[in-house]
Amino acid sequence: METLTSLILIFIGAALINNFVLHYFVGICPFLGVSRRVDTAFGMGCAVTFVISISALLNWTATYFVLRPGAPLPAWVWQLAGGNPETQIDLSVLSYIIYIFVIASSVQFVEMYVRKFFPSLYRSFGVYLPLITTNCAILFGSLEIMKRLQDPTKLWGLHEALTLAVGGGIGFTIAISLMAGIREELDMADVPAPLKGAGIALIVAGIMAMGFMGFTGVEKGVASAIGALLP
Amino acid sequence: MGETQQKGGYIGQAWLVIVLGLLYGGVLAGVQTTLSGRAADNKKDETYSVIPSLVRGADETKTIELMVEGKNGKEARIYKAIGADAGHKGWVVPAGGQGFADRIELLIGLDPALTALTGLYVLEQRETPALGDRITEAGFRDRFNGKPADQPIVMVKSEPKAENEVRALTGATISSESVSAIVNDALANLREPIGRRAHSAAPGEALRETTG
Amino acid sequence: MAREEPTALERFINGVLPENPIYRQLLGMCPVLAVTSAMKPAMTMAGATAFVLICANIVISLMRSLLKPHLRILVFTLTIATFVTIADKFLAAYVYEMSKQLGPYVPLIIVNCLIISRCEICASKQSVGVAAADAVGMSLGFALALASIATVREILGSGMWFGLRVLPGSWPGWGIMVLPPGAFLSLGLLLGAAEWVSRKRARTNLWRTVRMLWSWRR
């Protein structure tokens, strides 16, 4: 019950209140580059959601068992090698390198797998997969999860990490699809020449960000609504 | 190199990556050993340096760190503030929760008997600039001083009448209420366990205490 | 015939304005929007990015003859991630306040397309001197762009610049400028302004003369 509430709050937080694109500014490159048409934008959003979840799964595992301060695996190896069991082993210096490699290789594997087994799915969003390695939203998701695995007194479990990742990916999909919808209409509009392209897209994004600011504080109401619905 | 080229296989292709991996690994190990202690100190210093302002008469060098099990079954870190005269001056409880925009992390100062708040400090927040972020200002934080710790604090928009009422910031009611909710939750969760710890332990008794 | 590679001086000058990473190439937008609410974090970010870019460019350029085509992106990423980790640890140790404020945006330098594109376009093909000049030029251009946006946002948003008050205390402070929407709006308008200025300049005779002189010197 309490877990469910906290999961719903994490989800809403990542998808709407602290939207990855409009609040944290990650994934701006595809947000500006692949938002000319709604269907491509939606495909990109799905690809990002997919990859962000997989890399969150892998990176949570790597961080929880190996990279965080006080992780079990290096401590076990250290003791096996005859080291002093009191020593706290902290491999977090390697986190960034591991994350980027996990992301790059998971993108490769996902691409191969989807192409082989789900050709129709591949046709709809497979083309965006190679672009995703350098999408900051993916790395950002893993970094946010890493932040929650630093303090041994309040560690995030896998379910919380995955909720954040899926929420973030869906938030990205919402933002980029809305943006594409607006830009399809903007093509008909008479935009001042110097602002054409990225300029007007950024201004539209600014107005969208203002709209999304309206979500701040929403989780208080959501929490009490859940409390009322599920006694 | 001759052998690897004969094999013509993966080693010949990837030796640069492997060598670089080892080289960079070594560099990072060096960076970690030289800098990580300093970074950890920075983090610790921030908490310890404000303890004297949260609990009057506390000495940050004497203060010790304890782990207690809260009512929710989770372990929580608290600080037992000790004065320069080795007397017990109070408690400092770190607490966090959702604010208006993002998480807020607080330090709550309590008197030794856990009856009243003696101070409040905001470690981390990302509230709206010029509105919600005024929760960091002393003018707001001082409103909590002397408030009872055994009953929930209530935010009010006018001058407080009851002793557990605190005046909210104008234009930042949700940020103010988030702060009071975090304080209330933390105290509800930890006040009794800390009290039990304080009574059960004689001053010198070792209780998995880790000195700061 | 292969196009001649630019010289060190050209690389340097190109990086600062003509090929400015943000206003011209729209690269590395994520930190540009995220850390420009004030000058201090913006300049810390520019410094960290410059460190990573210069180091990565020099290292990649030094081993450019050893690079295998299909493994080069891997080597770039490895190098960049290492230098980013060093920069991150350094900030956490010596400028803790800034490191706390920049948070995840320091590690996100790894996926800043600016750095990997400079490694690919310049450092993996040209000598150390040229690569270093290119990195310094690009870093300067990046810092200039960050400074321009941060200046607009900090002055309008809080009436301060580098934490010093520049507008009178009666300035109301446009809260929106330091919030996320302000980042999008000011960058959008500044991009438009830069585009407008360069279009106007392209029409004036003075600019044409300068450009002619420049091409003659080449």
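Visitor: Of the contacts in chain A with a separation of 6 or more, what percentage is between residues 24 or more positions apart?
Guide: Happy to start there, with the reminder that this is a predicted model. Chain A has 231 residues, and buried ones make up 52% of them. Among its contacts with a separation of 6 or more, the share from residues 24 or more positions apart is 75%.

Visitor: How many helices and strands does chain A have?
Guide: Reading along the sequence gives the pattern α-α-α-α-α-α-α-α-α-α. The C-alpha trace of this chain A spans about 70 × 45 × 35 Å along its principal axes. The secondary structure of chain A comes to 10 helices and zero strands.

Visitor: Let's turn to where chain A meets chain C. What area is buried between them?
Guide: In this pairing, 35 residues of chain A are in contact with 36 residues of chain C. Carbon and sulfur atoms give 85% of the buried area. That area is about 3,000 Å².

Visitor: Which helix of chain A gives the largest share of the side that touches chain C?
Guide: Four helices each supply at least two residues of that side: α2 (28-33), α5 (95-117), α7 (136-147) and α9 (198-213) of chain A. The largest share is 10 residues, and it comes from α9(A).

Visitor: How do the residues on the side of chain A that touches chain C divide into nonpolar, polar and charged?
Guide: Start with the pairings across the interface of chain A and chain C: there are zero salt bridges. Two residue pairs are in polar contact across the interface of chain A and chain C. The residues on chain A's side divide into 28 nonpolar, six polar and one charged.

Visitor: Now for chain B and chain C. Which residues form the salt bridge there?
Guide: The interface of chain B and chain C involves 24 residues of chain B in contact with 24 residues of chain C, and about 2,100 Å² is buried between them, 71% of it from carbon and sulfur atoms. Across this interface there is one salt bridge. Its closest N and O atoms are 2.8 Å apart, and the partners are Glu46(B) and Lys100(C).

Visitor: Which element of chain B gives the most to the side that touches chain C?
Guide: Between chain B and chain C, six residue pairs are in polar contact. On chain B's side, α2 (10-54) and β5 (117-124) each supply at least two residues. The element giving the most, with 19 residues, is α2(B).

Visitor: Is Glu105(B) buried or exposed?
Guide: Glu105(B) sits in strand β4 (residues 103-110) of chain B. Leaving aside neighbours within four places in sequence, its contacts include Lys154(A), Tyr121(B) and Glu124(B), and a polar contact of 3.1 Å joins its side chain to that of Arg103(B). Because its relative accessibility is 17%, Glu105(B) counts as buried.

Visitor: Where does Ala86(B) lie, given its positive phi?
Guide: Most residues other than glycine have a negative phi. Ala86(B) has a positive phi of about 70 degrees although it is not a glycine, and this residue is exposed, with a relative accessible area of 58%. Its place is the loop between β2 (75-82) and β3 (88-98) of chain B.

Visitor: And where in chain C does Phe162(C) lie?
Guide: Phe162(C) also has a positive phi, near 55 degrees. It is partly exposed, at 32% relative accessible area. Phe162(C) lies in the loop between β1 (160-161) and β2 (164-165) of chain C.

Visitor: How many disulfides does the structure hold over all chains?
Guide: A disulfide would need two cysteine sulfur atoms within 2.5 Å. For Cys55(C), the nearest cysteine sulfur, that of Cys119(C), is 11 Å away. For Cys122(C), the nearest cysteine sulfur is again that of Cys119(C), at 9.2 Å. Over all chains, the number of disulfides is zero.

Terms used: Residues numbered from 1 in each chain as written. Chains lettered and ligands numbered in written order. Predicted model: local features only at pLDDT ≥ 70, side-chain atom pairs only at ≥ 80, totals over all residues. Heavy atoms only, no water. Contact = heavy atoms within 4.5 Å. Buried area = accessible area lost by both parts, 1.4 Å probe. Salt bridge = Lys/Arg side-chain N within 4 Å of Asp/Glu carboxyl O. Polar contact = N/O pair within 3.5 Å; in protein donor to acceptor, adjacent residues only side chain to side chain. Nonpolar A, V, L, I, M, F, W, Y, C, P; charged D, E, K, R; others polar. Buried < 20%, exposed > 50% of the residue type's maximum accessible area, 1.4 Å probe, protein only.
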